[in-house]
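Please open the model in a viewer and keep the sequence at hand. The stops below proceed by selection.

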Amino acid sequence: MRFGEFVAVRRHGHVAELLLDRPKAMNAVSSEMARCIAAACDALAADPSVRVTVLTSSHDRAFCVGADLKERNSFTDDELRAQRPTARACYTGVLELPMPTIAAVHGFALGGGFELALACDLIVADATAVVGLPEVSVGVIPGGGGTQLLPRRVGAARAAELVFTARRVPAAEAAGLGLVDELVEEDARGAALELAGRIAANSPVGLRAAKKAMRLGHGLDLRAGLEVEDAAWRTVAFSGDRREGVAAFNEKRSPEWPGV
């Protein structure tokens with residue numbers, strides 16, 4: 001299924017692959033591509049059969065090189081201001097997907113491209129990966145969530161160093177700093193899809209509730225966080241998935257999740 005010219009969604013059972021497909025521009029995010037990504041995310045969010053989404057690229061040297069600066073250079077101030085909600089909807093669409101999400105980073109993931117990866121729950125990269133938030137080098141700041149997501153991932157001081165220097169980080173260092181979660185020698189896409197398959201074997205109700213609890217509870221004090229967790233627990237404790245999971249465990253068989 002395609003969403004406009006630049007995004008496709010492929011299905012692998014209960015795993016959805018959201019493919020960035022603007023290879024002539026190394027997946028630079030133009031206004032039209034941002035609309036494509038947002039539309040694809042809206043469709044995925046509404047599909048209860050999707051248990052995991054994997055964000056991938058069709059380009060052989062880049063995951064995504066960030067905002068389309070050629071397009072941005074043509075904007076007037078008023079046009080740039082008007083385009084901002086379109087850009088935000090793209091990154092927010094990925095961030096707010098209700099199921100677990102994995103970015104498969106091969107090659108460059110810079111600026112908004114790295115922000116798309118940061119919006120995912122997990123990042124799998126291969127040895128070709130180069131990541132970074134170089135926005136201050138062109139007179140702006142990370143505006144797709146980078147100033148908020150990166151400190152949550154690696155801490156305030158490390159995030160400040162990376163944002164302020166605008167430097168590009170190669171794969172091995174990125175793994176050491178926690179900028180990516182799993183580093184493989186090659187084929188980030190294959191590794192990410194394999195991981196997604198393992199995750200998708202679990203309860204879809206449980207997966208979505210666990211993600212919601214972790215997202216809503218992050219940054220709260222412990223007591224408030226535990227209340228968030230309790231609310232999420234209540235949404236799954238009386239579900240069909242919980243009944244099936246317990247029954248399957250006791251009957252020593254694989255569960256057949258109803259997804260409700």
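Begin by selecting K252, which is found in the segment after α11 (240–250). This is a predicted model, and the backbone at this position deserves attention: K252 has a positive phi of about 55° although it is not a glycine. Most residues other than glycine have a negative phi. Display the surface at this position as well: K252 counts as exposed because its relative accessible area is 77%, and the cut-off for that class is over 50%.

Next, select M26, in the loop between β3 (15–20) and α1. Here too the residue is not a glycine, and the phi of M26 has a positive value, near 50°.

In handedness, the crossing of α1 past α3 is left-handed. To see the contact itself, show the side chains of S31, A34, R35, I37, A38 and C41 in α1. Their partners in α3 are Q83, T86, A87, A89, C90, G93 and V94. Coloured by residue class, the contact of α1 with α3 divides into eight nonpolar residues, four polar and one charged.

The crossing of α9 past α10 is right-handed. On the α9 side, the contact is made by V205, G206, A209, A213, L216 and G217. On the α10 side, select V228, E229, A232, T235 and V236. The residues of this contact of α9 with α10 comprise seven nonpolar, three polar and one charged.

Finally, hide the helices and turn to the sheet. Seven strands form an open sheet with mixed pairing, and their order is β1-β2-β3-β4-β6-β8-β11. Which strands lie at the edges? They are β1 (2–3) and β11 (182–184), each of which pairs on one side only. Zoom in on β1 and its partner β2, residues 7–12: the two pair in the antiparallel sense over two bridges. Within this pairing, select F3, which stands opposite V7 in β2.

Conventions:
Residues are numbered from 1 along each chain as its sequence is written. This is a predicted model: local features need pLDDT of at least 70, side-chain atom pairs count only at pLDDT 80 or more; totals for chains, interfaces and linings use all residues. Side-chain values use heavy atoms; hydrogens and water are left out. Two strands pair if DSSP finds at least two bridges between them. Helices (H or I, at least four residues) and strands (E, at least two) are DSSP runs, numbered from the N terminus. A crossing is left-handed if the near helix is turned anticlockwise from the far one by less than a right angle, and right-handed if clockwise. Contact means heavy atoms within 4.5 Å. Ala, Val, Leu, Ile, Met, Phe, Trp, Tyr, Cys and Pro count as nonpolar, Asp, Glu, Lys and Arg as charged, and the others, Gly among them, as polar. Buried means under 20% relative accessible area, exposed over 50%, partly exposed in between (1.4 Å probe, protein chains only).
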